[in-house]
Amino acid sequence: MLLAFGLRLYGLDHQSLWWDELKTIERATLPWPALLTDFINTKDQLPLYYLLIRGWVWLKTSAFVVRAFSLFWGLLGVAAIYQLGNQIASQRVGQTAAFLLAISPFHIWYSQEARMYSFLTTLLILAHTALAALLQGRSRWYWALYATAMAAAVFTHYFTFLILLAHAIFFILHLRPLQPLSWRWLGFTAVLAITFVPWIYLIVGRRGYSEAVPTWINCTHWAEPFWTMWNFASGPTVNPLTPPGFSGMAIFSIGFLAHIFYVRPQSGVPRLINRLLTLWLFVPLLLIYLVSIAGAFSLYVDRYLIIILPPFLLFVAWGWVELSRSRPGWLWGLCLIATAVSTTALFNLHTDPSHARSDWQTIFATITDQWQPQDHIIGTRDVQLPLGYYGRSTMPYLELPPAEADATTPAFSQVMAAQLAEAPAVATSRFWFIEPFYVTDPHGWAAERNSLVNGPLTNPHHQWLGSEFNWMETWRFPGVRLTLYAHNDQP
């Protein structure tokens with residue numbers, strides 16, 4: 001726990017808040033009517049996490065404070081996975097799984113981000129701890145833990161319904177041997193569905209879900225599940241072709257395959273729990289993979305699939321422990337290799353800016369240092385939120401239209417001219433054009449984003465601005481590009 005705390009505390013506020021985190025702060029500070037309207041109109045988020053962090057940000061809205069909420073839940077997840085591993089297998093399995101989660105670069109990243117992912121992961125670990133206890137015939141009070149954790153998860157992220165589907169498959173397959181437990185689960189699910197109906201009514205009654213489809217996600221390819229497991233093992237900052245990347249994938253594969261082939265409870269409750277964990281891992285992964293690879297849009301993103309990180313690490317830990325029964329030194333060796341891989345990944349994360357979150361803080365510090373009275377901020381809609389947090393209230397902002405093609409069109413040029421004509425004293429104005437670029441890769445690899453940031457100024461915005469104004473200078477930061485234009489009459 002101390003190791004997990006130290007790894008998540010270090011550098012907690014070193015990186016700038018990126019757009020999604022700023023959206024978290026905005027929602028957490030909106031008046032109640034505006035918050036409800038935002039949820040209903042946006043449709044892609046559920047409210048519980050934002051309601052909880054709303055009370056948390058009463059302390060402060062700094063990066064350290066808002067991210068500390070995720071840090072807390074990340075720590076609780078390490079304790080919870082120890083309890084789950086200890087309960088279903090042995091203390092050694094629990095300890096190994098907790099160690100792997102504590103040093104997991106993937107989990108550390110989302111324990112340092114002001115989003116719901118570490119909260120959601122911990123809720124699901126607690127829910128499965130309760131369900132495993134119920135399968136073992138323990139106190140019915142575990143129903144309260146299961147119901148609370150699953151209901152909270154359902155109102156935190158839509159992907160929780162994939163976990164409920166896995167549970168439904170489990171109880172349907174074991175309806176006869178687990179008849180009392182199965183009927184209680186069905187009763188709980190019915191009550192949960194009834195409580196969710198008002199939310200469905202609110203959002204479906206306002207133009208449905210068409211606007212909630214995440215169109216920004218890259219297309220899904222056949223090898224995505226393999227890269228997800230590699231990401232869970234090594235994190236997105238380690239090249240798989242390097243010794244650390246290959247070593248991480250190798251030892252995690254050894255543990256996972258050892259669990260598949262050597263950990264085979266033949267009967268009774270251990271076999272049931274093993275099936276439950278298997279469904280927890282594979283139902284969400286395969287369903288999202290198949291929907292994304294066969295559909296018109298993709299939902300396949302590793303941060304959404306963090307819901308299956310716990311069973312993956314449990315299987316790896318269980319396999320390692322099984323392999324080390326006759327060779328006690330193996331477990332220590334595997335853990336040391338995992339530590340070396342994690343150390344490499346975390347070093348890259350903290351020192352290599354190409355993996356960093358969008359650096360809005362430095363962008364606005366650069367602008368502030370060179371600001372002149374007639375200057376204006378210009379950019380598309382995504383600039384407004386960072387400007388409100390990092391910018392000064394005296395910085396005027398003009399919103400530009402999104403590009404409709406790869407080159408300027410008459411309609412686009414007309415709107416651009418109309419927007420910039422709203423600037424007072426336009427003949428003496430300078431325009432700070434801010435362009436955000438996002439990581440659209442399903443596994444969080446930032447290469448495409450970085451190539452766009454470092455690419456030439458050839459998009460329609462720059463084409464039009466370059467024809468009307470003088471280019472002065474361009475600055476490039478992680479995830480954001482800043483270009484200064486001045487009127488042609490200015491030197």
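**Close-up views of a predicted model**

View 1. Lining the second largest cavity are Gly11, Leu12, Gln15, Arg67, Trp109, Gln112, Leu349, His350 and Arg357. Keep in mind for this and every other view that the model is predicted. Sorted by class, its lining holds three nonpolar, four polar and two charged residues.

View 2. Arginine 67 sits in helix H5, which runs over residues 63-88. Is arginine 67 buried or exposed? Its relative accessible area is 0%, so arginine 67 counts as buried. Leaving aside residues up to four places away in sequence, arginine 67 touches a set that includes Leu12, Asp13, Gln15, Ser16, Leu17 and Glu21. Also among its contacts are Ser111, Gln112, Glu113, Ala114 and Arg357. Leu12, Gln15, Gln112 and Arg357 turn up again in the lining of the second largest cavity, along with Arg67 itself.

**View 3. The largest cavity.** Searching the whole structure turns up four cavities of 30 Å³ or more. The largest of them holds about 410 Å³ of space. Its lining takes in 27 residues, and the ones closest to the centre are Trp109, Tyr110, Arg303, Val439 and Gly444. Which helix gives the most to this lining? That would be H7, residues 105-111, with four residues. By class, the lining of the largest cavity splits into 15 nonpolar, six polar and six charged residues. Trp109 is also on the list for the second largest cavity.

**View 4. Serine 118 and a reach to serine 70.** Serine 118 belongs to helix H8, residues 117-135. With a relative accessible area of 1%, serine 118 is buried. Where does its side chain go? The side chain of serine 118 reaches the backbone oxygen of serine 70, at 2.9 Å. Setting aside residues up to four places away in sequence, serine 118 touches Ser70, Trp73, Gly74, Tyr110 and Ser111. Tyr110 is one of the residues closest to the centre of the largest cavity, and Ser111 is also touched by arginine 67.

**View 5. The second largest pocket.** This pocket has a volume of about 280 Å³. Around it sit Arg92, Gln95, Thr96, Phe99, Pro328, Leu331, Trp332, Cys335, Leu336 and Thr339. Two elements give two or more residues to the lining: helix H6 (91-103) and helix H16 (328-351). H16 gives the most, with six residues. As for class, the lining of the second largest pocket has six nonpolar, three polar and one charged residues.

**View 6. Helix H13 and what covers it.** Helix H13 takes up residues 243-262, 20 residues in total. From first C-alpha to last it reaches 27 Å, close to the 28 Å expected at 1.5 Å a residue. Its buried residues are Gly245, Gly248, Met249, Ile251, Phe252, Gly255, Phe256, Ala258 and His259. An α-helix has 3.6 residues a turn, so residues three or four places apart point the same way. The cover over the buried residues of H13 includes H6, helix H12 (224-234), helix H14 (268-294), helix H15 (309-323) and H16.

**View 7. Arginine 275 on helix H14.** Arginine 275 lies in helix H14, and H14 is among the elements covering the buried residues of H13. Arginine 275 is partly exposed, at a relative accessible area of 34%. Not counting residues up to four places away in sequence, arginine 275 touches Phe170 and His174. Proline 265 is ten residues away from arginine 275 in sequence and 9.7 Å away in space, C-alpha to C-alpha.

How values were computed: Residues are numbered from 1 along each chain as its sequence is written. This is a predicted model: local features need pLDDT of at least 70, side-chain atom pairs count only at pLDDT 80 or more; totals for chains, interfaces and linings use all residues. Side-chain values use heavy atoms; hydrogens and water are left out. Buried means under 20% relative accessible area, exposed over 50%, partly exposed in between (1.4 Å probe, protein chains only). Contact means heavy atoms within 4.5 Å. On a 1 Å grid over the protein atoms alone, a cavity is a set of points where a 1.4 Å probe fits but cannot get out, and a pocket is an open set with protein on both sides within 12 Å along at least five of seven lines; lining residues have an atom within 4 Å of a point. Grid points are joined across faces, edges and corners, and a volume is the space filled by probe spheres set on the points. Ala, Val, Leu, Ile, Met, Phe, Trp, Tyr, Cys and Pro count as nonpolar, Asp, Glu, Lys and Arg as charged, and the others, Gly among them, as polar. A polar contact is a pair of N or O atoms within 3.5 Å; within protein, one must be able to donate a hydrogen and the other to accept it, and residues adjacent in sequence count only if both atoms are side-chain atoms. The expected span of a helix is 1.5 Å times one less than its number of residues.
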